[in-house]
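Here's a quick briefing on a protein model. Have a look at the structure first, then read on.

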Amino acid sequence: ARVPHRREETMTAIQLTGVEKVYRGRVHALRGVDLTVHPGEIFGLLGPNGAGKSTLVKILMTVIRPTACHGSVLGKPVGHRPTLARIGYLPEHHRFPSYLKGREVLEFFAAMSGVPRRDRRKRSAELLELVNMSEWSEKKVGGYSKGMRQRVGIAQALMNDPELVLLDEPTDGVDPVGRREIRGVLARLKEEGRAVFLNSHLLSELEMVCDRVAIMVQGKVLRQGAIAQLTEGKRGYVITAAEPFDEDHAATVRAAYGADAPEADLVFDANRVTVRTDDPLRIQPVIDALRARSVVLSAVTPVRPTLEDLFMETVASDASHGRPGAAPRRSRKGDRP
């Protein structure tokens, strides 16, 4: 079943500049966040615990007030109340009334969002089918597993036919089969032209679905862009031989690749050599030279840093620069960084 969608043209789904949040005691949760999310893309926000990810999402949803904020959501200033009706939202620690059935949960949130009564039943049925929860639509939420509650949570975030969907840890507690199904839902939302903003600590999940990501550390976005863009200059090729490389073979590789090339561009490990280059043409002379010496090659594999590699590199770089972190504080319910 296709979920209807009425999209208004906007230059950006989210455009933020200099977002700051300072709690009592001069605890800096956000330190000048700059962020851009385009219509029709899946955007992932990642960072360690306490980085300020959920704080940023709550500011976008007007759950908490920023100390400073410049920007727009769906073409309107951040905090513009009528715009919230065009946004779907799944909080990180959501709770549904345990006595309601799955269908009733969706219809309840649809009513709160102003969805006409005549549309609620049909849309709830479509969305429960979308998240593979149709068989449980007449069962009380109190009997659901955590993963099932997450699926219903995603469905309720779509009841108002949003242009922008904010999902805070949407796959938390969901098994591998469920995560795969949720990835399919996200791809469907993208095809329909919606912008999807994901906040998650599951880096492998973000890597599989996101068009672009931002890495946040201690309240500041340190990297932002497509994964291919963020790994530019760090990609390479692994050439694997049937036998270990000896010194003569290594010398052959160095000569074929270029005697003036930096040593770091070639990394030997037993029967493999990693050639650090983005250009596939650079490895052709190496392959030809090895084959000319009757070296049997079993594989030539392109490699690049994973999102986890980028994340760990960013966190380590931030720590090495001695960026001051937020001082520990006692968290307040519903208002924590």
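Predicted model: local features only at pLDDT ≥ 70, side-chain atom pairs only at ≥ 80, totals over all residues.

Residues are numbered from 1 along each chain as its sequence is written, and side-chain values use heavy atoms, with hydrogens and water left out.

**Confidence**

- The protein has a mean pLDDT (the predictor's confidence in each residue, from 0 to 100) of 86, and 91% of its residues reach 70 or more.
- Strand 1 (residues 14-23) comes out highest at a mean of 94, while helix 10 (residues 307-320) is lowest at 79; helices (H or I, at least four residues) and strands (E, at least two) are DSSP runs, numbered from the N terminus.
- Residues 1-9 stay under 50 in pLDDT, and the model gives them 29 contacts (heavy atoms within 4.5 Å) beyond four places in sequence.
- Residues 324-337 are also below 50, with 33 contacts beyond near neighbours in sequence.

**Helix 2 against helix 3**

- Helix 2 (residues 102-112) and helix 3 (residues 117-130) cross at roughly 125°, their axes coming within 9 Å; axes are lines fitted to C-alpha atoms, for helices over the stretch in contact, and angles run from 0 to 180 degrees between N-to-C directions.
- That makes helix 2 and helix 3 oblique to each other (under 35 degrees counts as roughly parallel, over 145 as roughly antiparallel, 65 to 115 as roughly perpendicular and the rest as oblique).
- On the helix 2 side, Arg103, Leu106, Glu107, Ala110 and Ala111 meet Arg120, Arg121, Ser124, Leu127 and Leu128 of helix 3.
- Sorted by class, this contact of helix 2 with helix 3 has 5 nonpolar, 1 polar and 4 charged residues (Ala, Val, Leu, Ile, Met, Phe, Trp, Tyr, Cys and Pro count as nonpolar, Asp, Glu, Lys and Arg as charged, and the others, Gly among them, as polar).

**Helix 2 against helix 4**

- Helix 4 (residues 146-157) packs on helix 2 at about 30°, with the axes 9 Å apart, so helix 2 and helix 4 are roughly parallel.
- Val105, Leu106 and Phe109 of helix 2 meet Val152, Ala155 and Gln156 of helix 4.
- The contact of helix 2 with helix 4 splits into 5 nonpolar, 1 polar and no charged residues.

**Phe109**

- Phe109 sits in helix 2 and touches Phe96 and Gln156, leaving aside neighbours within four places in sequence.
- Phe109 and Pro280 are 171 residues apart in sequence and 52 Å apart in space, C-alpha to C-alpha.
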